[in-house]
Amino acid sequence: MEIIKITSENFAKEVLASEKPVLIDFWASWCGPCRMLSPVIEAVAAERPDVKVGKINVDEEPELAGQFHISSIPSLLVIKDKKIVRQSVGYRPKDQVLAML
């Protein structure tokens, strides 16, 4: 499945109104661990069509980062039924990301 760029404008539609659980990757282009995590997120998106996968660039969407109290990146959140059900900070290998789902 395709990774969705989540913004303030599409957050309600893509995350809050989603029928599927949503894995969100909070990242920035200058963040080395974020770049290491990116292929893992792409692999998870390809393997798990039952999950919506999105990325939020903290530099472009500081309001969303603040709303979720993101102070370190990469940060992963799993949101289901409008609630955070799992959260992790830092690089994770694919098996650990899949285990969050």
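Start by selecting alanine 46, which sits in helix H2, the helix of residues 32-47. Keep in mind as you go that you are looking at a predicted model. Is alanine 46 buried or exposed? It counts as exposed, because its relative accessibility is 59% and the cut-off for exposed is over 50%. Along the chain, glutamate 2 and alanine 46 are 44 residues apart, yet their C-alpha atoms are separated by 7.4 Å.

**Stop two: helix and sheet**

Stay with H2 and show all of it. What does H2 lie across? The answer is E2, strand E3 (52-57) and E4, and H2 runs at about 165 degrees to E2.

Next, colour the strands. There are 5 of them, and they form an open sheet in the order E1-E3-E2-E4-E5, with mixed pairing. Pick out strand E1 (4-5) and strand E5 (83-89): these two stand at the edges. Each has a single partner strand, so one side of each is left without a neighbour in the sheet. If you're wondering what holds such neighbours together, strands of a sheet pair through backbone hydrogen bonds, either parallel or antiparallel.

Select E4, residues 75-80. Of its 6 residues, 5 are buried, so E4 is largely enclosed by the rest of the structure.

Now look to either partner. E2 and E4 pair in the antiparallel sense over 5 bridges. E4 and E5 are antiparallel too, over 6 bridges.

Leucine 23 stands opposite valine 78 of E4, while in E5 the bridge partner of valine 78 is arginine 86. Move along to isoleucine 79, whose bridge partner in E5 is isoleucine 84. Then try lysine 80, which stands opposite lysine 83 in E5. While you click along, remember that in a regular strand the side chains alternate between the two faces of the sheet.

Follow E4 into E5. The two strands make a hairpin with 2 residues between them. Select aspartate 81, found in the loop between E4 and E5. Its phi is near 55 degrees, a positive value in a residue other than glycine. Lysine 82 is in that loop as well, and it has a positive phi of about 70 degrees although it is not a glycine.

Proline 74 belongs to the loop between H3 and E4. Why stop for these backbone angles? Most residues other than glycine have a negative phi, and most peptide bonds are trans.

**Stop five: three phenylalanines**

Select Phe11, Phe26 and Phe68, which form one aromatic cluster.

Begin with phenylalanine 11 and phenylalanine 68. This pair is tilted, 5.7 Å centre to centre with 55 degrees between the planes. Phenylalanine 11 is in helix H1 (residues 11-16) and phenylalanine 68 is in the loop between helix H3 (62-67) and strand E4, 57 residues apart.

Then switch to phenylalanine 26 and phenylalanine 68. They are tilted as well, at 5.9 Å centre to centre and 55 degrees between the planes. Phenylalanine 26 comes from strand E2 (residues 22-27), and the two residues are 42 residues apart.

Phenylalanine 26 is buried, with a relative accessible area of 0%. Phenylalanine 68, at 12% relative accessibility, counts as buried because the cut-off is under 20%. Both phenylalanine 11 and phenylalanine 68 are buried.

**Stop six: a lysine over a ring**

Select tryptophan 27 and lysine 55. Lysine 55 lies over the face of tryptophan 27, at 5.1 Å from the ring centre.

**Last stop: the disulfide**

Finish by showing the sulfur atoms. How many disulfides does the structure hold? It holds 1, and this disulfide joins cysteine 31 to cysteine 34, with S to S at 2.4 Å. A disulfide is a covalent bond between the sulfur atoms of two cysteines. Look along the S-S bond: the link of cysteine 31 and cysteine 34 is right-handed, with 80 degrees about that bond. Cysteine 31 and cysteine 34 are both buried.

How values were computed. Residues numbered from 1 in each chain as written. Heavy atoms only, no water. Phe/Tyr/Trp six-rings, centres within 6.5 Å; stacked < 30°, edge-to-face > 60°. Helix = DSSP H or I, 4+ residues; strand = E, 2+ residues; numbered from the N terminus. Buried < 20%, exposed > 50% of the residue type's maximum accessible area, 1.4 Å probe, protein only. Lys NZ or Arg CZ within 6 Å of the ring centre and 35° of its normal. Pairing = 2+ DSSP bridges. Contact = heavy atoms within 4.5 Å. Axes fitted to C-alpha atoms, helices over the stretch in contact; angles between N-to-C directions. Disulfide = S-S within 2.5 Å.
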